[in-house]
Every structure is written in structure tokens, then in C-alpha cells.
Amino acid sequence: MTGIDLVDPRDESIIRRLDYTTTEQLDDAVAAAHVAQRAWAALAPAARAEHLRAFAGVVRAHAEELAQLEVRNSGHPIGNARWEANHVADVLGYYAAAPERLLGAQIPVAGGIDVTFLEPYGVVGVIVPWNFPMTIASWGFAPALAAGNAVIVKPAEWTPLTALRLAELALAAGLPAGLLQVLPGEGPVLGTAIVDHPGIRKIVFTGSTTAGAKVMAGAAARVKPVTLELGGKSANVVFADADLELAAATAPGAVFDNSGQDCCARSRILVERSVYDRFLELLEPAVTAFRVGDPRAEETQMGPLVSRKHWARVDSFVPDDRQVAFRGSAPSGRGFWFPPTVVIPDSRDDRLVTDEIFGPVVAVLPFDDEADAIALANATVYGLSGSIFTRDLGRALRVARGVESGNLSVNSHSSVRYSTPFGGYKRSGIGRELGPDAAAAFTETKNVFISTE
Ligand code: NAD
């Protein structure tokens with residue numbers, strides 16, 4: 001395909017036609033990126049920091065515009081989209097401190113001085129999924145730029161508009177042309193070309209585990225480093241001694257936020273058997289009260305799914321003859337609407353328990369004791385996030401240490417903060433984004449020995 005008609009998930013209207021980048025255009029972009037990168041890396045660290053602060057300021061000033069664009073292109077509720085736009089400014093602000101703090105080491109050796117330098121790769125490729133188009137782009141480009149790289153972002157086919165606007169805002173903020181380029185295109189075509197391109201030295205990929213494995217294989221052929229942020233099937237573990245009202249009240253948000261299109265969605269709720277029925281009683285009103293509707297409305301908590309194709313995939317998990325425990329409501333008519341849905345799986349092997357649905361469908365299962373809870377939480381190929389509800393601090397720590405997952409949260413569902421590391425175990429990924437070390441992940445370590453003899 002040479003381009004795509006972008007669709008508003010709320011009413012299925014066409015927003016606009018967008019042409020895809022050709023591989024010749026990619027070559028030109030990489031050449032321009034190399035020129036920009038050399039000048040960028042040669043700037044004083046404080047000057048790079050100042051540019052990133054200016055970029056953060058321009059993003060903040062355009063947060064409302066970016067948020068409205070995301071509502072239209074992705075169907076995110078306006079409240080969420082505002083958070084996302086401001087989060088991009090926060091991420092840029094946080095990594096604006098990095099150029100002046102990329103510290104090497106001085107290592108004691110005989111006969112001289114040994115020092116290390118953290119040097120940029122050059123041009124970095126950032127491949128982004130459709131579920132959080134601007135925030136996930138920024139997790140790649142902000143620390144990469146801070147470390148002195150140029151960045152080529154490939155947004156997902158369905159949701160390129162906010163990333164394209166961010167590239168314009170970078171220019172408006174005074175970043176050099178060519179330093180941050182956003183190139184729309186198809187994964188198997190442009191994405192593959194980015195992975196294969198000899199002028200692109202590192203790949204950050206966020207998306208499905210299937211595509212991530214292909215990206216890793218392509219990068220292996222070029223011996224190119226990758227950071228992979230992939231799928232998830234996270235557990236929300238509720239013990240009998242927990243504040244059950246709190247656990248039940250917060251469980252819907254932990255899985256239905258962004259219509260469940262969240263790699264961190266707590267899509268398996270594991271409840272200690274002695275309070276299983278009571279928890280379901282408390283969960284039902286919280287689910288039916290979840291406000292699904294027009295993403296432009298301030299009070300909306302959940303909008304539509306992103307596309308017709310994705311809607312059909314989510315729907316395949318809950319066919320008409322599949323009994324559900326209870327459901328919330330959703331608008332009918334045009335738009336990719338899907339109600340919040342709670343299912344009781346037939347067994348622990350049910351695909352509702354094992355597969356990433358990436359929609360507003362949650363499975364609730366009982367467990368017997370602490371060991372069973374940990375075993376069940378770990379009975380997945382994924383390991384991205386998870387939550388633990390208990391009043392016993394020792395148990396909270398034991399379970400947090402026992403669950404093979406990159407991001408755990410006790411008596412809460414927090415998982416993404418720009419100042420803390422984020423990433424997955426097992427098939428949820430390789431490497432970490434965000435947090436204090438992310439800029440260093442966009443550097444090569446160079447060791448230099450200086451003889452004093
Ligand atoms: P996807 O894998 O289909 O696509 C992700 C991106 O990769 C898109 O830009 C796509 O065009 C591109 N792509 C696809 N095939 C490619 C290939 N062969 N080579 C190079 N690029 C390719 O995923 P999606 O459907 O857009 O996103 C949903 C998935 O992303 C879910 O599995 C979700 O869990 C995961 N995700 C993970 C995280 C995380 O941080 N771990 C965050 C968000 C989403």
C-alpha cells in the first residue's frame with residue numbers, strides 16, 4: 001500500500017489520507033539524520049539540555065492540541081489524552097538533565113589513567129505501537145536525543161498523527177532539522193527497512209511479541225542492539241486480608257483504562273478463594289459504573305477500540321455463545337465500541353487466561369494460598385506488570401519478589417513513571433526504558449587508557 005485512510009474510532013469517519021514513506025525517502029532521512037546528529041553531538045552538553053527543555057516547553061504549550069488530536073486519531077478519552085501529552089513534556093524535561101549527567105568512570109589501573117566515555121550510537125530507530133502513540137514515542141526519542149543521537153520514529157499505521165505533530169513541534173522549539181524525524185509506514189515494509197538499514201545503529205521496538213521477535217531476528221543479522229517492549233498478561237492478585245473495597249473499586253481502571261489496549265492491563269484478577277464470591281459482588285457495581293462513551297467528553301473513562309480489525313480480534317475472545325459473568329455498557333451504532341466484560345474462565349488453560357486480548361475483557365480466577373497465587377501469576381509467557389493487594393507487608397514483598405514481572409505495584413496499580421525503570425521479563429521484552437539509566441542505554445561505552453609512563 002502507498003498510504004492509509006486514517007479513521008476516527010468514535011464514528012468511523014475518515015480523518016485524512018496519509019502517504020507512506022518510501023524506502024528511498026528513508027535513505028534520504030537517514031542521511032539527513034547523520035548530518036544533524038554530528039552537529040548535535042558536538043554541542044556542549046548544557047546546550048543540548050537547553051534545546052530539550054525548550055522542546056518540553058513547546059510540547060506543554062501545545063498539550064491541548066496534541067490531546068485533541070489523539071482523541072480523534074486513537075479514540076482516547078480526553079482526560080487520558082491530556083495526561084499523555086503532558087507526560088511527553090515531562091519525559092523531555094526529565095531527560096533534559098541527562099546530557100550533563102552522562103557520567104563515565106575512572107578505573108584504577110597500573111601505568112596510567114583509564115577512563116570511559118558514553119558515546120551516542122548515531123542514528124536510532126524507534127518503532128511505536130498504536131496504543132499509546134505519543135508517550136511511547138517519547139520514551140524512545142527523549143533519552144536517545146539526550147545521549148546525543150538523532151532519531152527516526154516509525155509510528156503505527158493507524159495512529160501516526162500525534163507523533164508527526166511532535167516532530168513539527170521539535171522544529172518549532174529550535175531542534176535542528178533532521179534530528180527527530182517521524183516517518184509513517186507499514187511495519188513489514190518500512191519497519192523492516194528501518195531494522196535492516198545499515199545507517200541505523202540501534203532499534204527500540206514496542207509492540208506485539210510476534211513482531212518483536214521478527215525485529216530481533218532482523219537486528220541479529222546486522223548485530224544491532226535492540227530494546228523490546230512487548231506484550232503482557234498481568235495479574236492483579238487480591239488476598240483475603242486486603243482492603244477488598246479498594247481492590248474491587250480500582251480493578252476496572254487497572255484493566256479497562258485505554259479500553260484494555262494497554263500492555264500493563266491487569267487482565268487476570270486472581271482472588272483468594274475464601275473471598276472470591278465477595279470480591280465478585282463488589283466488582284460488579286464498579287464495572288457497570290465504568291463510564292464508556294464519547295472520548296471528547298470530560299467524564300468519559302473509556303472510549304472505543306482503535307479499529308474495526310482490532311475490534312474483531314477482541315470480539316473473537318467473547319463470541320455470542322460465551323457466557324460472561326457481567327458486563328458494563330457501551331454506546332451502540334457507529335464506532336468501535338466494546339463494553340467492559342468480566343469472564344470466569346473454564347480453566348487455567350482457557351485462552352482468556354493465557355492470551356493477551358488487548359481489549360476490555362478481564363478473567364477472574366480463584367487461588368488457594370500464597371504459593372498458588374505466585375505460581376498462577378507466573379503461569380504465562382509474559383512478565384510485564386502486576387498488582388498485589390494485601391495488608392500484610394511481608395507477604396506483599398514476598399509476592400512482589402516472587403512474581404516474574406518487571407513492574408509491580410502494592411495496593412495500587414501504578415506502573416509507569418518517567419523516573420522509574422519500565423520493561424518486561426520473559427516474552428514481555430528485553431531492556432528497560434525510562435528511569436535514570438535510559439539515556440545510557442542509547443550509548444556505546446568507550447574505554448580509553450592514557451599512559452603516564
Ligand atoms: P505490532 O507489533 O503490530 O506493531 C507495533 C509497531 O511495529 C507498529 O509500528 C508496526 O507497524 C511495527 N511493525 C509490525 N511488524 C513489524 C516488523 N516485522 N518489523 C518492524 N516493525 C514492525 O503491535 P501493535 O498491535 O501496534 O501494538 C500492540 C502490542 O504492543 C501489544 O502486544 C502490546 O502489549 C504491545 N505493547 C507493549 C508495550 C510495552 O511497553 N511492553 C507498550 C505498548 C504496547
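A: **Salt bridges, then pockets**

Arg348 is partly exposed, its relative accessible area being 35% (under 20% is buried, over 50% exposed and anything in between partly exposed, using a 1.4 Å probe and protein chains only). The model is predicted, so local features need pLDDT of at least 70 and side-chain atom pairs count only at pLDDT 80 or more, while totals for chains, interfaces and linings use all residues. Residues are numbered from 1 along each chain as its sequence is written, and side-chain values use heavy atoms, with hydrogens and water left out.

The partner of Arg348 is Asp372: the two form a salt bridge whose closest N and O atoms are 2.9 Å apart. Asp372 belongs to helix α13 (residues 370–377) and Arg348 to the loop between β13 (341–343) and α12 (351–354), so the pair ties together parts that are 24 residues apart in sequence. Asp372 itself is buried, at 15% relative accessible area. A salt bridge here is a side-chain nitrogen of Lys or Arg within 4 Å of a carboxyl oxygen of Asp or Glu; helices (H or I, at least four residues) and strands (E, at least two) are DSSP runs numbered from the N terminus.

Another pair also involves α13. Arg398 forms a salt bridge with Glu370, with 2.8 Å between the closest N and O atoms. Because Arg398 lies in helix α14 (residues 393–402) and Glu370 in helix α13, this contact joins parts 28 residues apart in sequence. Arg398 is partly exposed at 45% relative accessible area, whereas Glu370, at 18%, counts as buried.

A further salt bridge links Lys426 and Glu404, whose closest N and O atoms are 3.2 Å apart. Lys426 sits in the loop between β16 (407–410) and β17 (429–430) and Glu404 in the loop between α14 and β16, so parts 22 residues apart in sequence are tied together. Lys426, with 36% relative accessibility, is partly exposed; Glu404 is partly exposed as well, at 35%.

The structure holds 25 salt bridges. Asp8, Arg10, Asp11 and Arg72 are linked in a network of them.

The pockets follow. On a 1 Å grid over the protein atoms alone, a pocket is an open set of points where a 1.4 Å probe fits, with protein on both sides within 12 Å along at least five of seven lines, and lining residues have an atom within 4 Å of a point. Grid points are joined across faces, edges and corners, and a volume is the space filled by probe spheres set on the points.

The largest pocket has a volume of about 1200 Å³. Its lining comprises 36 residues, the closest to its centre being Trp130, Phe205, Gly207, Ser208 and Ala211. At least two lining residues come from each of α7 (187–196), β8 (202–206), α8 (209–221) and α11 (308–315). Domain 1 (3–230 + 427–451) and domain 2 (235–417) each contribute at least three residues to this lining; the bounds come from an automatic or database domain assignment.

The second largest pocket has a volume of about 510 Å³. Trp83, Phe132, Asp257, Asp262 and Val416 are the closest to its centre among its 19 lining residues. Two or more residues of that lining come from each of α4 (78–95), α5 (133–146) and α9 (244–256), and α4 gives the largest share, three residues.
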